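Subject: A structure for you to look at

Hello,

Here is the structure I promised to pass on.

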Amino acid sequence: MHEQPGRSSTAPDLLLAIGALLADYWYDVDHHWGRHAHLLYTGQGVFSIGDDRMDGPGAVQAFYKWREGRGAREARHVISNLRVIGQGDDRADVDCILCLYAADGVPVLESRPPILIADEIAQCVRGADGLWRFASHFLKPVFAGGAPITTPSGAAA
């Protein structure tokens with residue numbers, strides 16, 4: 001997204017719809033181990049965290065099942081600076097910042113700085129059912145440290 005500052009003309013309903021998609025996605029990941037996250041991808045949807053890439057909803061589902069199998073962990077994915085640029089009626093480019101607070105164990109855990117600050121970049125499409133889903137969903141790490149990031153390779157940077 002290369003719009004000039006102050007030139008975004010996102011319709012409020014599109015901003016709310018995409019904001020709800022992101023909030024629903026991360027809520028499911030934080031509170032339900034991402035058990036339904038794969039349903040928020042198109043049939044060919046791609047999710048990547050750094051160098052780790054999951055192609056299709058089945059791969060996304062397998063990733064979150066793997067994460068759950070690691071044992072007790074608490075995470076909170078916090079998004080900010082949401083920018084949505086409509087690309088016609090049924091496509092949107094998304095850019096925001098993700099801060100991840102996470103640690104292994106059972107709450108209450110010690111409060112620490114985020115273990116990941118990443119650019120979250122996505123392309124979303126609205127299906128025939130009227131629901132928005134991810135066609136592509138990328139987390140590009142900018143800062144990382146503290147507790148390990150739970151990805152198959154063990155690192156997101």
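In which strand does C99 lie? C99 is in strand β4, where helices (H or I, at least four residues) and strands (E, at least two) are DSSP runs numbered from the N terminus.

A word on the basis of these notes. This is a predicted model, in which local features need pLDDT of at least 70 and side-chain atom pairs count only at pLDDT 80 or more, while totals for chains, interfaces and linings use all residues. Residues are numbered from 1 along each chain as its sequence is written, and side-chain values use heavy atoms, with hydrogens and water left out.

The overall picture

The chain has two helices and six strands, in the order α-β-β-α-β-β-β-β from the N terminus. Its radius of gyration is 16 Å, close to the 15 Å that the globule rule gives for 157 residues, so the chain is as compact as a globular protein of that length. That radius is taken over C-alpha atoms, and the rule is 2.2 Å times the number of residues to the power 0.38. Of the 157 residues, 36% count as buried; buried means under 20% relative accessible area, exposed over 50%, and partly exposed in between (1.4 Å probe, protein chains only).

Helix α1 (residues 12-32) packs with helix α2 (residues 57-69) at an angle of about 35°, and their axes are 11 Å apart. The axes are lines fitted to C-alpha atoms, for helices over the stretch in contact, and angles run from 0 to 180 degrees between N-to-C directions. Y25, W26 and V29 of α1 meet V60, Y64 and R67 of α2, contact meaning heavy atoms within 4.5 Å.

Leaving out residues up to four places away in sequence, W26 touches F47, Y64, H77, I79, L98, E120, H137 and L139.

H77 sits in strand β3 (residues 73-86) and counts as buried, because its relative accessibility is 12%. Its side chain makes a polar contact of 2.5 Å with that of D30. A polar contact is a pair of N or O atoms within 3.5 Å; within protein, one must be able to donate a hydrogen and the other to accept it, and residues adjacent in sequence count only if both atoms are side-chain atoms.

C99, at 17% relative accessibility, is buried too. Beyond four places in sequence, C99 touches R76, H77, V78, P114, L116 and I117.

Backbone details

Most residues other than glycine have a negative phi, and most peptide bonds are trans. Here are some places to check against that:

- P107 and V108 are joined by a cis peptide bond, with omega about 10°; V108 is in the loop between β4 and β5.
- W33 has a positive phi near 60°; W33 lies in the loop between α1 and β1 and is partly exposed at 26%.
- N81, in strand β3, has a positive phi of about 55° and is exposed at 55% relative accessibility.

Enjoy looking around!

Best wishes
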